[in-house]
Amino acid sequence: MTAEQSDPTRDGDATAEPGNGITRKKLLKAAMVAAPAPFLVGALPALAGDRTPSGQSLDPTPFCDDGDDPTPPQMEGPYFKPNSPQRTTMLDGNGTRLVLTGTVYGLACRPIANALLDFWQADANGVYDNTTYRFRGHQYTNAQGAFTLTTIVPGLYPGRTRHIHVKVQAPGRPILTTQLYFPGEPRNATDSLYNPVLLMSVQTTPTERRATFDFVLNVNQTPGPTPTATGTTPPPSGTWRAGVVYAVGAQVSYGNLNYRCQIAHTSQVGWEPPNAPALWQQI
Ligand SMILES: [Fe+2]
């Protein structure tokens, strides 16, 4: 039994989602893939929004999710390490190149901009670097809620199937800790943590593997534009403010508390020091 499987903090209920992973989301996607072109052509206007006889615009049919199946959590495991570097590429050693792309959504299927994703994984030999930050990195989704991670296919280690760890957080919201899995892995059948809902879609090319996975966070969303950083009015001197490039070690005050910067970054609304312990350590 590995350390991850024996971790007393493991939440079995969170990982043992019953069923075969078929959700309305997947059925919709399957229908879109399987449908002949005329069906898709006919369906597109409805998906893109339609009008009632009175001319009132209808909301688009939710595609990413029907509100009841946010991405399930999984245990963190023993190898998470805070304060990873901000980067989208972590080609830190030999291995098959892997490009993972996706979008972070909320429950209303609207993308979440500036969501924080923190990835960590084993190297090609199945070893985690717990000394430095090889194969560890965090990034933010862009204005369309999209992210891209360029890394390698992680190696296997005893007791687990192939996987990538990730923490995903909408600004100011709770952290989703989970793991992503690879299709066609023999050990998927024997790893008790494996959950098919967390399978990436993976395409193999002569030079690399291309994976996709969309996260759905348990974040309620109301109609309207996705909140964006607007709080640019500088508060009193010496306090944290948005839009500033902070270096490691920089000290700020926020809400009568003092913080030290842990990771060099450009500050954003929603990632104020109390909301971002990965970025700011209270002192
Ligand atoms: Fe792991």
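A115 sits in the loop that lies between β1 and β2; helices (H or I, at least four residues) and strands (E, at least two) are DSSP runs, numbered from the N terminus. The model is a predicted one, in which local features need pLDDT of at least 70, side-chain atom pairs count only at pLDDT 80 or more, and totals for chains, interfaces and linings use all residues. Residue numbers start from 1 along each chain as its sequence is written.

A115 counts as buried because it has 27 C-beta neighbours inside 10 Å. The cut-offs are 20 or more other C-beta atoms within 10 Å of a residue's own for buried, 12 or fewer for exposed, and partly exposed in between, with C-beta atoms placed from the backbone. Setting aside neighbours within four places in sequence, the contacts of A115 are V104, Y140, T141, G145, V168, Q169 and A170 (contact: C-beta atoms, placed from the backbone, within 7 Å). A170 is 55 residues away from A115 along the chain, yet their C-alpha atoms are separated by 4.5 Å.

A115 also belongs to the largest nonpolar core, which has 37 residues; together with V104, I112, V168 and L217, A115 touches the most other members. The elements giving two or more residues to this core are β1 (97-105), β2 (116-120), β4 (146-152), β5 (163-169), β6 (175-181) and β9 (215-216). A second, separate core has seven residues, W240, V252, Y259 and L279 among them. A nonpolar core here is a set of buried Ala, Val, Leu, Ile, Met, Phe, Trp, Tyr and Cys residues joined through C-beta atoms within 7 Å.

Strand pairing comes next. Two strands pair if DSSP finds at least two bridges between them. β1 pairs with strand β8 (residues 209-212) in the parallel sense over four bridges, and L98 stands opposite R209 in β8. β8 is also joined by four bridges to strand β7 (residues 201-204), and these two run antiparallel. V202 has A211 in β8 as its bridge partner. Four residues lie between β7 and β8, which form a hairpin.

An open sheet of three strands has the order β11-β12-β14 and antiparallel pairing. Its edge strands, β11 (251-254) and β14 (280-282), each pair on one side only. On average, neighbouring strands of this sheet are turned by 40 degrees against each other, direction ignored. Strand β12 (residues 257-261) pairs with β14 over three bridges, and Y259 stands opposite Q282 in β14. Y259 is also one of the residues of the second core.

Technical notes. Contact = placed C-beta atoms within 7 Å. Axes fitted to C-alpha atoms, helices over the stretch in contact; angles between N-to-C directions.
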